[in-house]
Amino acid sequence: MSRTELSADLITYSGALQPVRALAIVADRRLSAAALSALLLRDPSYHIARREHGLGEVRAMLARERPSVMVLDVSAPALLALIDASNWGVRTLLLLDPDDDPSIFAEAVIARAQGYLSRRASRETLQAAIAELYRSGAYLDPRLMESVLNAAPTLTLPRKRGRQDGAPAGLSVRERQILVWIASGRSTKEVARECAITPKTVGNHVNNMVQKLHLRHRGQLVLYAAQLGLMTI
């Protein structure tokens with residue numbers, strides 16, 4: 001990989017609405033990183049703190065600055081493994097095109113990003129996806145849902161722990177209900193309203209399910225639900 005095949009902008013946020021104070025825009029083309037940054041910079045609360053080019057430089061910046069969220073726009077989702085930014089808990093929002101080849105979505109699932117967003121998303125949707133990914137640990141663009149869920153069988157998950165009727169063993173009725181709503185693309189706030197509980201309580205249920213099902217993060221719950229056919233309550 002050449003020195004200039006990866007570019008990254010470190011962006012800080014000084015407003016009151018966005019919970020993320022630092023995020024990284026990473027792309028395998030300079031113009032892509034610059035375009036995404038420019039999209040966010042239309043909001044004067046966002047500021048570029050640093051810009052790097054080249055795999056080594058990008059990895060060093062990420063390890064040093066440790067942003068909370070990384071927006072990744074690359075031609076091959078497998079580049080996520082090369083960046084190796086998971087050791088400090090960064091949450092990755094992977095950009096995909098709804099018309100991408102199915103193999104790209106399979107590769108994206110295997111890469112295990114926590115969020116998936118259409119490249120056709122507006123600035124407002126990008127900001128909302130970043131905020132939701134930071135708050136809940138997962139985001140799935142409705143325009144990508146079918147393609148991502150169709151790719152779910154490529155990821156090995158602990159299906160042996162489920163019962164033959166498709167309901168995961170060990171989950172309560174409320175947890176299974178929340179799991180289905182998450183799989184259908186509802187946000188934490190929407191699930192909280194449906195259940196008449198607080199978003200924090202929803203988060204506690206999600207964390208419990210991740211532990212019970214021996215998964216790594218909330219994003220895998222969506223894939224788990226798809227594999228077990230839990231798309232309706």
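Analyst: Helices, of at least four residues, and strands, of at least two, are DSSP runs, numbered from the N terminus. The model is predicted. The part to look at is Asp 28, which sits in the loop joining strand E2 (22-27) to helix H1 (30-41).

Is Asp 28 buried or exposed? Buried means under 20% relative accessible area. The relative accessibility of Asp 28 is 14%, so Asp 28 counts as buried.

Next, its surroundings. Not counting residues up to four places away in sequence, Asp 28 touches Glu 5, Leu 6, Asp 73, Val 74, Ser 75, Ala 76 and Leu 79. Leu 6 is 22 residues away from Asp 28 along the sequence, yet their C-alpha atoms are 4.3 Å apart in space. Ser 75, another residue on that list, also makes a polar contact with Asp 28, side chain to side chain, at 2.7 Å. A further polar contact, at 3.1 Å, links the side chains of Asp 28 and Arg 29.

Now step back into strand E2, which covers residues 22-27. Val 26 is one of the residues with the most contacts inside the largest nonpolar core, along with Met 70 and Tyr 116; this core has 52 residues. Beyond its neighbours within four places in sequence, Val 26 is in contact with Leu 6, Ser 7, Ala 8, Val 58, Met 70, Val 71, Leu 72, Asp 73 and Ile 83.

Strand E2 belongs to an open sheet of 7 strands with mixed pairing, in the order E3-E1-E2-E4-E5-E6-E7. Why do E3 and E7 each have a side without a neighbour in the sheet? Strands E3 (46-53) and E7 (139-140) stand at the edges with a single partner strand each, so one side of each has no neighbour there. Strands of a sheet pair through backbone hydrogen bonds, and the pairing is either parallel or antiparallel. For E1 and E3 the sense is antiparallel, over 7 bridges. One example is Thr 12, whose bridge partner in E3 is His 47.

E1 (residues 7-13) also holds Asp 9. With a relative accessibility of 2%, Asp 9 counts as buried. Two polar contacts start from the side chain of Asp 9, one to the side chain of Ser 37 at 2.6 Å and one to the side chain of Arg 51, also at 2.6 Å. Leaving aside neighbours within four places in sequence, the contacts of Asp 9 include Leu 23, Ala 24 and Ile 25. Ser 37 and Arg 51 are in the contact list of Asp 9 too.

Further along the sheet order comes E6. The loop between helix H4 (102-111) and strand E6 (115-118) contains Gln 114. Gln 114, at 13% relative accessibility, counts as buried. Its side chain reaches the backbone nitrogen of Thr 92 at 2.7 Å.

Technical notes:
Residues are numbered from 1 along each chain as its sequence is written. This is a predicted model: local features need pLDDT of at least 70, side-chain atom pairs count only at pLDDT 80 or more; totals for chains, interfaces and linings use all residues. Side-chain values use heavy atoms; hydrogens and water are left out. Buried means under 20% relative accessible area, exposed over 50%, partly exposed in between (1.4 Å probe, protein chains only). A polar contact is a pair of N or O atoms within 3.5 Å; within protein, one must be able to donate a hydrogen and the other to accept it, and residues adjacent in sequence count only if both atoms are side-chain atoms. Contact means heavy atoms within 4.5 Å. A nonpolar core is a set of buried Ala, Val, Leu, Ile, Met, Phe, Trp, Tyr and Cys residues joined through side-chain atoms within 4.5 Å. Two strands pair if DSSP finds at least two bridges between them.
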